[in-house]
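Biologist: I would like to learn how to read a protein model. Could we go through one together, feature by feature?

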Amino acid sequence: MVFTCKACGAALKESDISFDTGIAICEHCQAVMSFAEDLNVSSAQDFPSLVKAKVGRPEDVDIEDTPLRLRLSRRWYHPGLFFLLFFCIAWNAFLIGWYTMGSQMGEDGVIGLIMFIFPTGHVAVGVSLAYGVIAGFLNRTTVEVSASELSIRHGPIPWKGNQRLAASDISQIYCKASKAAVRREAAAVLQPTLYAKLKDDRRIKLLSKMGELETLRYLEQRLEERLGINDRSVPGEYTS
Ligand SMILES: [Zn+2]
């Protein structure tokens, strides 16, 4: 059986595929994909342990599934934010202390100016850190598929990376591993990115930092299901 990368169409080597999990990482474009179903169907005798075709819903993903739309969302919150919050408070308290001290010393010409200018880089860090921590506590990412559109929103605190794509333009949804992860062959631990491949061959980054590979693969499956995209790799489909 020949396996081809569903993102770039390259033929996968045997060493690119883990026959325990059915997960493959393409050497050429770092796409991560699962052939669990294909392996299951075609080589059930050779790999009897391979039964896990579908990825289950990760606990932290909320779902609203109605005939009109599929909406998947996940909070950004994680316990590590408390450490960042503590760090952020300490950092900004120091700066407030610095400026209080500076203003009490009076505008002493050059020294006053240096007192004021010296920590402006630190102020920028303090402000963006505070912004990130607040967003971390409040924000969620919502992925929504309707009959006509795939949208990705981060909020309520404004954040970059919102997307709207016409459903009819999308030809594939796939996960991509980082190059470092490909070298270490550690698909399970990497921070993968979810991409959409459009019919005009453009590749649009949809989500990164959305948890483990399993979370993104779950999203990939549900989105493809809803968009009516066949996830099976079809040998020769993307040969270039
Ligand atoms: Zn590829």
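Biologist: Which residues does Ile-173 touch, not counting residues up to four places away in sequence?

Modeller: First, the ground rules. This is a predicted model, where local features need pLDDT of at least 70, side-chain atom pairs count only at pLDDT 80 or more, and totals for chains, interfaces and linings use all residues. Residues are numbered from 1 along each chain as its sequence is written, and side-chain values use heavy atoms, with hydrogens and water left out.

Modeller: Now the idea. Contact means heavy atoms within 4.5 Å. Ile-173 touches Lys-6, Leu-150, Leu-194, Tyr-195, Ala-196, Leu-206, Glu-220, Leu-223, Glu-224, Leu-227 and Ile-229.

Biologist: Which residues have the most contacts inside the largest nonpolar core?

Modeller: In soluble globular proteins, nonpolar side chains tend to be buried together. Buried means under 20% relative accessible area, exposed means over 50%, and partly exposed is in between (1.4 Å probe, protein chains only). A nonpolar core is a set of buried Ala, Val, Leu, Ile, Met, Phe, Trp, Tyr and Cys residues joined through side-chain atoms within 4.5 Å. Here the largest core has 29 residues. Leu-150, Ile-170, Ile-173, Leu-194 and Leu-206 have the most contacts inside it.

Biologist: Which elements each supply at least two residues of this core?

Modeller: Helices (H or I, at least four residues) and strands (E, at least two) are DSSP runs, numbered from the N terminus. At least two core residues each come from strands S1, S4 (69–75), S5 (140–146), S6 (149–155), S8 (170–176), S9 (193–198) and S10 (203–208), and from helix H6 (213–227). H6 gives the most, with six residues. There is also a second, separate core of 13 residues, which includes Cys-5, Ile-17, Cys-29 and Tyr-195.

Biologist: How many helices and strands does the chain have?

Modeller: The count is six helices and 10 strands. Of the 240 residues in the chain, 41% are buried. Take contacts between residues at least 6 apart in sequence: 56% of these join residues at least 24 apart.

Biologist: Which residues are the protein donors of the zinc ion?

Modeller: Donors are N, O and S atoms within 2.8 Å of the metal (3.2 Å for Na, K and Ca); water is not among the atoms, so sites may look incomplete. Here the protein donors are the SG atoms of Cys-5, Cys-8, Cys-26 and Cys-29, lying 2.3 Å from the zinc ion. Their spacing in sequence is C-x2-C-x17-C-x2-C. Cys-5 lies in the segment before strand S1 (23–25) and Cys-26 in the loop between S1 and strand S2 (31–34), so the pair ties together parts that are 21 residues apart in sequence. Both Cys-5 and Cys-26 are buried. Cys-29 is buried too, at 14% relative accessible area.

Biologist: What is the geometry of the zinc site?

Modeller: Ideal angles at a metal are 109.5 degrees for four tetrahedral donors. Four donors count as tetrahedral if all angles lie between 85 and 135 degrees. In this site the angles among the four donor atoms are 104 to 112 degrees, and the site is tetrahedral.

Biologist: How many disulfides does a search of the whole structure find?

Modeller: A disulfide is a pair of cysteine sulfur atoms within 2.5 Å. The search finds zero.

Biologist: How far apart are the end C-alpha atoms of helix H2?

Modeller: The expected span of a helix is 1.5 Å times one less than its number of residues. H2 (residues 81–104) has 24 residues and should span 34 Å; its end C-alpha atoms are 34 Å apart, which agrees. Its buried residues are Leu-81, Cys-88, Leu-95, Trp-98 and Gly-102. They pack against helix H3 (110–117) and helix H4 (120–138).

Biologist: Where is His-122, and which residues is it in contact with beyond four places in sequence?

Modeller: His-122 is in helix H4. Its contacts beyond that range are Trp-91 and Leu-95. His-122 is partly exposed, with a relative accessible area of 35%.

Biologist: Which peptide bond is cis, and where is phi positive in a residue other than glycine?

Modeller: Most residues other than glycine have a negative phi, and most peptide bonds are trans. The bond from Gly-155 to Pro-156 is cis, with omega near 10 degrees. Pro-156 lies in the loop between S6 and strand S7 (163–166). Gln-30 has a positive phi, near 65 degrees. Gln-30 is in the loop between S1 and S2. Asp-201 also has a positive phi, near 80 degrees.

Definitions and conventions: Four donors count as tetrahedral if all angles lie between 85 and 135 degrees; four count as square planar and six as octahedral if opposite donors are over 155 degrees apart and all others between 65 and 115; anything else is irregular.
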